[in-house]
Amino acid sequence: DLSARAGPLVDATFDYVVVGGGTGGNVVATRLAQHGSKVALVEAGGLYELESVVEVPAADVLPCGSDPGTQSAVDWGFVTHGQPGANGRSIHYARGKCLGGSSALNFMIYQRPTIESMQQWADTVNDSSYTFDKVLPYYKKSVQFTAPNTQYRASNATAAYDANAFESSGGPLQVSYANYAMPFSSWMKLGMEAIGIKEKEDFNSGSLIGAQYCSSTIDPSDELRSSSQSSFLTEITPSTLTTYSSTLAKKIVFNPQKKATGVHVTGLLGNTVTLHASNEVIISAGSFQSPQLLMVSGVGPSDELKDHGIDVVADLPGVGQNMWDHPFFAPTYRVQVDTLTKFASNLVFAAESVIGGLLEKTGLITNPVADYLAWEKIPQTLRSQFSQSSLESLTNLPSDWPEAEYISGAGYIGNVSNLLEDQPKDGYQYASILGVLVAPQSRGNISLKSADTNDLPIINPNWLDSTADQEVAIAMFKRMREAFQSDAMAPVVIGKEYYPGEAVQSNADILEFIRNNVMTLWHAACTCKMGSSDDEMAVVDSQARVYGVQGLRVVDASAFPFLPPGHPQSTVYMLAEKISDAIIQGL
Ligand SMILES: Cc1cc2nc3c(=O)[nH]c(=O)nc-3n(C[C@H](O)[C@H](O)[C@H](O)COP(=O)(O)OP(=O)(O)OC[C@H]3O[C@@H](n4cnc5c(N)ncnc54)[C@H](O)[C@@H]3O)c2cc1C
């Protein structure tokens, strides 16, 4: 019972104060409290189950459109304005404002990075405890795995998996497979095979090149979302954890020796108090607001801090810089299988799906819509058209780090303005493949609007800024077209390409289509990047301790040194488990 552990908003002292009850923060707060420490968890939002439908897997498509009007009650409402790579469009960037954070809004895809990308992490931060083998126990620690339910899933939608990837795990976060596989995915599988991407057994043991039905953070007992809130906060309830929801962190307090001693926070009624930390303050406010909170508290690029009249505690030029993200775009075809389009346009089908999902725990609404993934390096025929500078930047990547990810999207995607309302209402079914840049070379940044956390920081993802990203994106578009137009997919595809359509042929036209439709996959990371002490842009060391001050760590996606290939939630959980362990061990 979370409310029983909510604290009245008065000055108080704890061993640790954790800011941000999101994906990473809930793990850290719970693990430290489980170990007997007195912990305060400060979260700006409340319980998401009270305010939204995103517990139901298929409802993940509702609140994340590029149109700011799709924003849910548990979203901060970030909008990036005038992105040059998106032809100047303004785009809503969903971020969870609730206990659970973005794990309450995400698409539930669960998979892990590659062996060589984790070796690169270890090398970059000069700490061999980040190799894949060494972090694997921390990936396992958070999760409870349940194999696909073959009683429900169609026989042509068998999801292969390697049980060893989850062996001896026993955490509260549920990882399983939707009882209903999207019918389009079995066709995408054939299309991927036709262009040379073969099915593989597993995406959780360190290699990704290949294709597969993915595992998802779905609770098999009710086919609903498993988030860091429903798992960590609800399942593990240490009495030494006090949760302050609807409470905004305003500023980290430092003593004259530059040790973080607490946090100023404001409650719903506007009263500000100090939560003191005898040991440490841990910031887990996400990739946009962890750098913001550091900056308003005096830790960041000194010029920017001075512009806002903020006294500099530590001049760290990397705070808010180095933002990685995974942008995507999606061509669409008419298809002969049931998709989200039918759900959006056929009331009877929609009602049947909802009733079936609730009563029988199967059917379309129990599927998070994106359930089949494929990864590759761009093949030589297309690669040979890349410029020399693009080839050089891509060769710096390890051999097992894919450049392209293709995700099944059983519906019309367009510019993602509103995934439900935008479905065509002409009686046809539509399906797309999302092409995602998973080795992006463009970097964005976060800057302050004001010195007050009440004002959202300014986000600049800078998608498609680099020539390499543009060239890879064009090649990905051609690969997706090749798959859709393969003999293998011919039985399911109706007619010619629906969107953007056959008229789009030249590289310039393809890039224009991409710019007009590009959207984030919501993977913002690395804005307080981890790095070794000789990297002046590093913000935290390999134990997530902020350079230049004492008693302060950042533990969330912002602390990644770079964004490893794939979907980041597994790595946020891993990092939070690993750093919690380090804190408990006195590191
Ligand atoms: C729509 C969407 C789809 C996604 N799909 C996937 C997917 O399928 N698979 C995957 O692996 N990843 C996915 N992601 C990304 C993944 O969910 C995030 O990378 C991850 O959840 C980030 O965790 P975090 O701890 O860094 O931040 P968050 O989980 O966002 O937590 C930050 C928390 O800090 C709180 N906070 C911020 N500022 C303050 C403040 N000043 N005071 C108090 N509290 C504050 C926020 O309210 C929030 O609860 C998706 C994300 C979104 C939004």
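Colleague: Where does A524 lie?

Modeller: A524 is in the loop between β28 and β29. Helices and strands here are DSSP runs, numbered from the N terminus, with helices (H or I) of at least four residues and strands (E) of at least two. This is a predicted model, in which local features need pLDDT of at least 70, side-chain atom pairs count only at pLDDT 80 or more, and totals for chains, interfaces and linings use all residues. Residues are numbered from 1 along each chain as its sequence is written.

Colleague: Is A524 buried or exposed?

Modeller: A524 counts as buried, because it has 26 C-beta neighbours inside 10 Å. The cut-offs are 20 or more other C-beta atoms within 10 Å for buried, 12 or fewer for exposed, and partly exposed in between, with C-beta atoms placed from the backbone.

Colleague: And what is A524 in contact with?

Modeller: Leaving aside neighbours within four places in sequence, A524 contacts S287, F288, M323, D325 and A557. Contact means that the two C-beta atoms, placed from the backbone, lie within 7 Å. A524 and S287 are 237 residues apart in sequence, but 6.1 Å apart in space, C-alpha to C-alpha.

Colleague: Changing topic, which residues does the "active site" annotation cover?

Modeller: According to the UniProt annotation, from an unreviewed entry, H523 and H567. They span 45 residues in sequence, yet no two of their C-alpha atoms are more than 7.2 Å apart, so they gather at one spot. UniProt positions are in the numbering used here, feature names are shortened, and annotations may be inferred rather than shown by experiment.

Colleague: What does H523 touch?

Modeller: Not counting residues up to four places away in sequence, D325, H326, L563 and P568. H523 is buried, with 24 other C-beta atoms within 10 Å.

Colleague: And where does H567 lie?

Modeller: In the loop between β29 and α14 (569–584). H567 is buried too, given its 27 C-beta neighbours inside 10 Å. Beyond four places in sequence, H567 is in contact with I109 and Q111.

Colleague: How many residues surround the ligand?

Modeller: 42, and the closest are G20, G22, G101, H567 and Q569. A residue is near a molecule if its C-beta atom, placed from the backbone, lies within 6 Å of it.

Colleague: Which helix gives the largest share of that shell?

Modeller: α6, with four residues.

Colleague: What about confidence, what is the mean pLDDT?

Modeller: The mean is 95, and 98% of residues reach 70 or more. pLDDT is the predictor's confidence in each residue, from 0 to 100. The model scores ipTM 1.00 and pTM 0.98.
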